[in-house]
Every structure is written in structure tokens, then in C-alpha cells.
Amino acid sequence: MLSVENLEKSFGDLQVLKDISMEVNHGEIVSIIGSSGSGKSTLLRCINRLETIDSGKITVDGQIMVSTENGKVQYANNDILNEIRLKTGLVFQNFNLFPHFNVLKNITQAPIRVKKVPKDVAEKEAMDLLKKLGLENRKDAYPHQLSGGQAQRVAIARALALKPVILFFDEPTSALDPELTGEVLKVIRSLAEMNMTMVIVTHEMSFARDISDRMIFMDKGVIVENCTPEELFNSKNERTREFLGKYHQGV
């Protein structure tokens, strides 16, 4: 479903991603953990074309998004990039809802404008999503009228409305207090039960351990570990043990 090969990314003199290679298979849930500044979010942003890469190759659902030939980075043409964009969904840590749209319009805007879904069909599918997320009674509310947990669940519904084949989460609970965090984690868990392919950047160690097929530990722009949760939490690697030690009481 996703292949990243030898990815490199720098900001000025600071190299943020160093020779990153990883794969995500259909129906797999991969959590990416690591300290702030380890490159986790930058990796997600490169995969979702919010940042351009310096070198490497990214393939999504069999389509090459970007590759490097003879030292030159070459992105696919706009038609392929648009196809890939419709196959991926990204849920941000700060929701990024349109403040001037109500909940229903936030969810239906992209299907109607981008995929040309008829308005009545888009609204019916949006209401189905809202019911699954326990938000059908908030369809007319505006983002400022929502709690953080509700806003994040609307953001998840908006991502799902385009029916992506792979869903990315960038610290989906970092802006929430513990009670609201539980709401969002419950939704992600329900998506896992639906066999949704997901890549989750998170600081929620116990959740990542419980839900993930694989966990990737990043440190200073490199992948230190790429293994099952059980292998990660029993790792003999000194840096991994040091990082996980900070969360020992929480897991």
C-alpha cells in the first residue's frame, strides 16, 4: 500500500530525514514513535506532499508519486498526483477544520468539489459517518462550538469521506486532554476493526502497543527500530530502551 525508499529531507543545513525506508501493507496499522524533532511528522508531510523531498522514492498503492533518477527528484504528473491524493487521508493534530463551514459542510466539501459526488449523496454519506462517530446531532454546529474531541472526530470523518485506501494521523490526540483523548482513540480503534490501513504518529505508547501490527521508532532522522510492538518493548537497543523508559509507568 505504501513504500518509502531511501528518503532524504533537509531544511537548510539541518538534515531531518536520513535514508528512510519503510513499507506498509494493506490492512496494516503502523505506529511511528520518537522524541520531538526525530522526523516523524516531517516523514508524514513528505508522504502527503506537504513537503518536497530531496531524494528517494515514494509509491502509494502501486503508483509512483516521486522518484530520483541520476540525482534529480521527479514527481509524477498532476493527474497521477491527484489520483494519489484521493487515495490518502491525513488527520492533523490541530484539526484544521474550515471555521466558516458547519460540520456537515466541512465533511461534504471535498467529495462534492473534488470527486464531483452529488450533494445529496455526499450529505447522506457524511451523516452515516457522523452516526458512526456519535456526532449526528452536531451536523449544524460550527468548529468553535465543538469540544476538542468532537472537532478531531469531525476531522477524521472529513478524511474518511474521500474513501482513502490509507489514512495518516499526525499526533491526533496531542491537542486534547486525557478524557477527550479517549474519545478519539476509540474511533481509531473502530477503524482498525474495519481493516483500514493506517499510519499513526503518536505519543500514546500503550495505545500504539495495543493497536499496531508494527511500530517504528525514529531518532534524529533515522529509523532505529521497525518491528512488532512486542519486539520493540523488549528491545535491547540502548536508545530504544532509554526512550521507552520515560513512558514505563504509562504502559
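The model is predicted: local features need pLDDT of at least 70, side-chain atom pairs count only at pLDDT 80 or more, and totals for chains, interfaces and linings use all residues. Residues are numbered from 1 along each chain as its sequence is written, and side-chain values use heavy atoms, without hydrogens and water.

Helices (H or I, at least four residues) and strands (E, at least two) are DSSP runs, numbered from the N terminus. Strands pair if DSSP finds at least two bridges between them. Strand 4 (residues 55-60) and strand 5 (residues 63-69) run antiparallel, joined by 3 bridges. Ile-58 has Val-66 of strand 5 as its bridge partner. The two strands form a hairpin with 2 residues between them. In its turn, Asp-61 has a positive phi of about 50°.

Strand 5 is also joined to strand 6 (residues 72-75), by 4 bridges, and this pair runs antiparallel. Glu-69 is bridged to Lys-72 in strand 6. This hairpin has 2 residues between the strands, and Asn-70 takes a positive phi near 55°.

Lys-105, Arg-113, Lys-116 and Lys-119 form a positive surface patch. Like charges are joined within 9 Å. Arg-113 lies in helix 3 (residues 103-113). Its relative accessibility is 59%, so Arg-113 counts as exposed (over 50%; buried is under 20%, partly exposed in between; 1.4 Å probe, protein chains only).

Val-91 belongs to strand 7 (residues 88-91). Val-91 is buried, at 1% relative accessible area.

Note on methods:
Patch = residues over 30% accessible without salt bridge, like charges linked within 9 Å, V, L, I, M, F, W, Y side chains within 5 Å. Areas by Shrake-Rupley, 256 points an atom, 1.4 Å probe, with all protein chains shown as cover. Salt bridge = Lys/Arg side-chain N within 4 Å of Asp/Glu carboxyl O. Lys, Arg positive; Asp, Glu negative; His and termini not counted. Charge placed at Lys NZ, Arg CZ, Asp CG, Glu CD.
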